[in-house]
Amino acid sequence: MHTFASILALATTASAIQGFNYGSTFTTGAAKQQSDFENEFTTAQNLKGTSGWTSARLYTMVQGGTASEPISAIPAAIKTKTTLLLGLWASGGDTSFANEILALKAAIEQYGDDFANLVDGISVGSEDLYRNSPMGIAAGSNVGAEPATIARYIKETKDTIAGTGLEGTPIGHVDTWTAWYNGTNQAVIDACDWLGMDAYPYFQDTMPNAISESKSLFQEALGKTQQAGGGKPVWITETGQPVSGKTVGQSVASTDNAETYWKDVVCPLLSSGTNLWYYTLQDAAPDTPSPSFGIVGNKLTTTPLFDLSCDDVDTSSSSSSSSAGSSSTTKASSATTSGSGSSATETSSLGNSGGSPGGVNSAQISSEASATVTPSISTTLGSAAATGTGTGSGSGSGSGVGSGSGANGTFTAPPSATSTVPASGATGLQSGAFAAAFAAIMVAIYAL
């Protein structure tokens with residue numbers, strides 16, 4: 001059994017990054033503008049009781065309401081000196097992804113080194129493998145993407161940034177730990193420079209998940225992801241405990257429990273020097289989703305809903321792990337090591353700790369997928385994406401593991417759906433179909 005300290009040692013990097021996840025829209029569906037991102041980034045940098053929250057993880061390169069214009073978070077980041085974990089949405093089909101590539105190219109051309117020097121990494125997709133898995137489908141999940149598709153998109157992204165200021169930027173994929181531990185997704189692991197793990201013990205209601213169990217649940221999820229990665233760096237791209245919402249299993253959503261989670265899980269991560277993007281700074285903007293994970297409420301303020309200090313927290317178990325990092329966040333040649341962990345096709349007995357409450361507004365995906373891809377910038381930045389049109393049709397809702405409500409909710413619909421991915425408010429592990437499917441999986445595992 002690995003200790004929390006030894007597991008964190010494997011997840012650390014030479015220079016730790018701290019940040020939050022930022023959706024492209026408000027809960028009303030309105031697109032965020034540059035000033036909105038500036039306000040959010042400045043608030044994060046000045047939170048009371050903590051410091052160092054200077055990075056932003058994005059889900060899309062495309063500005064809300066446009067087909068392929070670069071997201072306005074980029075000039076906001078330049079102005080506020082916020083670093084970026086870029087995201088390219090990968091579940092909207094080839095036409096939608098081509099527009100993500102166009103937006104990336106346009107950002108490189110428009111903002112140059114001011115932009116490139118702020119990029120911590122690039123994530124190609126977010127939980128696409130989970131939504132495409134039997135577990136995700138059983139939960140009523142929406143369109144995801146095949147492993148081969150994500151691997152192809154990663155190669156396309158690497159080709160796009162070759163010869164630009166972003167060349168050598170580490171490229172990875174974000175997914176649930178259960179997706180990483182599924183051996184059928186090895187092609188994605190092989191294509192990645194790093195693995196992004198989303199983990200929410202709050203949603204693991206197939207086993208004891210009271211707040212006192214959160215640290216051990218998170219530890220096991222991280223250990224499984226590292227095992228699957230075969231030595232590749234693991235970045236914590238989403239985790240958190242809701243401040244409000246319904247009780248899931250034994251886990252109660254409250255500010256007290258959110259503070260406990262912060263002290264038990266987040267503080268050791270910070271002490272260890274692990275790359276971390278917490279979910280989230282604010283999700284009640286302006287409407288409060290259920291569950292709500294924001295550390296600030298409807299009003300954007302530097303005063304959090306609970307204590308963010310780690311001064312009185314015993315982090316000695318992980319304090320020595322910061323020197324054991326095996327991956328620098330500076331730009332270097334892309335890693336070629338294939339993941340060699342003993343990942344399995346089953347999802348283990350830990351329950352599901354994934355299913356992001358965050359994402360991209362469905363109207364934005366429709367806009368991207370229905371637009372004709374017409375490159376309007378220099379193609380010398382990389383190979384041009386294929387042209388074409390997407391239908392942008394399809395909708396749906398349903399309960400998805402770990403998904404939350406609101407305009408930035410996780411997208412869930414059957415894989416046979418077309419490229420539109422609705423941001424419906426899902427309800428966590430509440431699907432009867434999922435429960436039955438998971439029970440069957442568990443029976444099979446224990447029979448082994």
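**View 1. Proline 291, in the loop between strand 8 and helix 12, and its cis peptide bond with serine 290.** The model is predicted, with local features requiring pLDDT of at least 70 and side-chain atom pairs counted only at pLDDT 80 or more, whereas totals for chains, interfaces and linings use all residues. Residues are numbered from 1 along each chain as its sequence is written, and side-chain values use heavy atoms, leaving out hydrogens and water. The bond joining serine 290 to proline 291 has an omega of about 0 degrees. Helices (H or I, at least four residues) and strands (E, at least two) are DSSP runs, numbered from the N terminus.

**View 2. The cis peptide bond between tyrosine 279 and threonine 280.** Omega is about 5 degrees for this bond, and threonine 280 is found in the loop that runs between strand 8 (276-278) and helix 12 (316-319). Most residues other than glycine have a negative phi, and most peptide bonds are trans.

**View 3. Lysine 81, a residue with positive phi that is not a glycine.** Lysine 81, with a phi of about 55 degrees, is found in the loop between helix 3 (73-80) and strand 3 (83-88). The relative accessible area of lysine 81 is 65%, and the residue is therefore exposed (over 50%; buried means under 20% and partly exposed lies in between, with a 1.4 Å probe and protein chains only).

**View 4. Glutamate 127, a residue other than glycine with positive phi.** In the loop between strand 4 (119-126) and helix 5 (128-131), glutamate 127 has a phi near 60 degrees. Glutamate 127 counts as buried, at 1% relative accessibility.
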